[in-house]
Amino acid sequence: MSIEPSETSPKARLLRTILWGTIAVALAGLAIFWALDNYLGNGSKTVRYSGEADIRSEFSLTDHTGQEVTPADYTYRWQLVFFGFTNCPDICPTTLAYMASVVDLLGEDADQVAPIFITVDPERDTVPVMAEYVSVFHPSLIGLTGTEAQVAEATRNFRTWYERTEDDSAPDGYFMAHAGHIYLMQPSGEFEAVYQEGGQPPEALAQEIRKKL
Amino acid sequence: MKITALATVLTLWPFFASADVTISDGWARASILASRPAAAYLTLTSNQSDQLVAITTPIAGNVTIHAVETDNDGISRMVEVDGLDLPSGEPVTLAPGSMHLMLMGLSEKLEEGTDLPLFLTFASGARMEISVPVLGPGAMRPQEQQP
């Protein structure tokens, strides 16, 4: 492969220039692609979760009375949103009871807040199940269910996560692993804040919400 | 005679002591639907290193001890605990949001105001029968803190 430059013909030199040029362009392209991918691809994953504007209250679901609803049905109210499932023995009742306390503590301001429970287990959590379930916690608690696709879309827009976990000890052989966050969304559907039961007493959260209203 | 009796008591003391588990703050949450699992909570203090290995109740087909693991992203998963370790003298608390007894296959709903019988079996061989009050579905803690 060692060719002396003096021995090469103009044709070969041209060919070599074209070849090197092609390689240079390919390498530059690869570098740009890698940089962009690194910047937009992997980088954005972490950024996306902390990016507030990216969490949106966008959904098309069915409420516990059987009405099809979207966030437009709650636009005049702030939304307190929690994702869970009715076969959840501990975290969900605990968090929903906590949300109910917060709503009670809001007193007269409570009508400005819509407490919403969205199931991540629509297969079992049908409209009648949701109706019976939410009524136990608070008369104003709204239970939302839908098709698997509708629920998946809602969780995507809220940037939350859930997963079916097979477990022989569970009812019907599975649990739903899910995030335990309570989202406070503005009446416009934009993200305001995120909380967790146990993060602060209900009095403190009610106080914080009241200040924002 | 007295000395013999005392000696016997002292000799047998460790055997009695091994069964000495104190239960406090026991309660269950009323279930919403009979087909949904219910949860019960309690605090156990054993004066000897022991392990809670089994819990049964006549009204549930199956009782398991569950721990909740929450990772950095706030994702909660339930993990079954095969035997609950009770370190000597250290209270082990099952409370909402962390560990709980999960009652499945309920033959009836847990009604607020009733009592739930629980039979506990320990690795030491000790057995206990307790009864815990059923509080409302929105209850967060035992109604009365036991002294």
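Visitor: Which residues touch the most other members in the largest nonpolar core?

Guide: Val81(A), Leu96(A), Met99(A), Ile116(A), Phe117(A) and Ile118(A), in a core of 50 residues. A nonpolar core here is a set of buried Ala, Val, Leu, Ile, Met, Phe, Trp, Tyr and Cys residues joined through C-beta atoms within 7 Å. Buried means that 20 or more other C-beta atoms lie within 10 Å of a residue's own; exposed means 12 or fewer, and partly exposed is in between, with C-beta atoms placed from the backbone. This is a predicted model, in which local features need pLDDT of at least 70 and side-chain atom pairs count only at pLDDT 80 or more, while totals for chains, interfaces and linings use all residues. Residues are numbered from 1 along each chain as its sequence is written, and chains are lettered from A in the order in which they are written.

Visitor: Which element gives the largest share of this core?

Guide: α2(A), with 10 residues. Helices (H or I, at least four residues) and strands (E, at least two) are DSSP runs, numbered from the N terminus.

Visitor: What is Phe117(A) in contact with, leaving aside its neighbours within four places in sequence?

Guide: Phe82(A), Gly84(A), Leu96(A), Val134(A), Leu141(A), Ile142(A), Gly143(A) and Leu144(A). Two residues are in contact if their C-beta atoms, placed from the backbone, lie within 7 Å.

Visitor: And what other core lies apart from that one?

Guide: One of 27 residues, among them Ala30(B), Leu84(B), Leu94(B) and Leu120(B).

Visitor: Back to chain A. Which residues of helix α5 are buried?

Guide: Leu205(A), Ala206(A) and Ile209(A), in a helix that runs over residues 202-212.

Visitor: Why do they line one face?

Guide: Because, seen down the axis of α5(A), the buried residues fall within an arc of 100°; the arc is that of the directions from the helix axis to the C-beta atoms. Glu203(A) and Lys211(A), on the other side of α5(A), are exposed. The cover over the buried residues includes α2 (91-106), β4 (113-119), β8 (181-185) and β9 (191-196) of chain A.

Visitor: What about Asp172(A), buried or exposed?

Guide: Asp172(A) counts as exposed, with 11 C-beta neighbours inside 10 Å. Its phi is also positive, near 60°, and the residue is found in the loop between β6 and β7 (174-179) of chain A.

Visitor: How do β7(A) and β5(B) pair?

Guide: In the antiparallel sense, over 2 bridges; strands pair if DSSP finds at least two bridges between them. Ala179(A) stands opposite Ile75(B).
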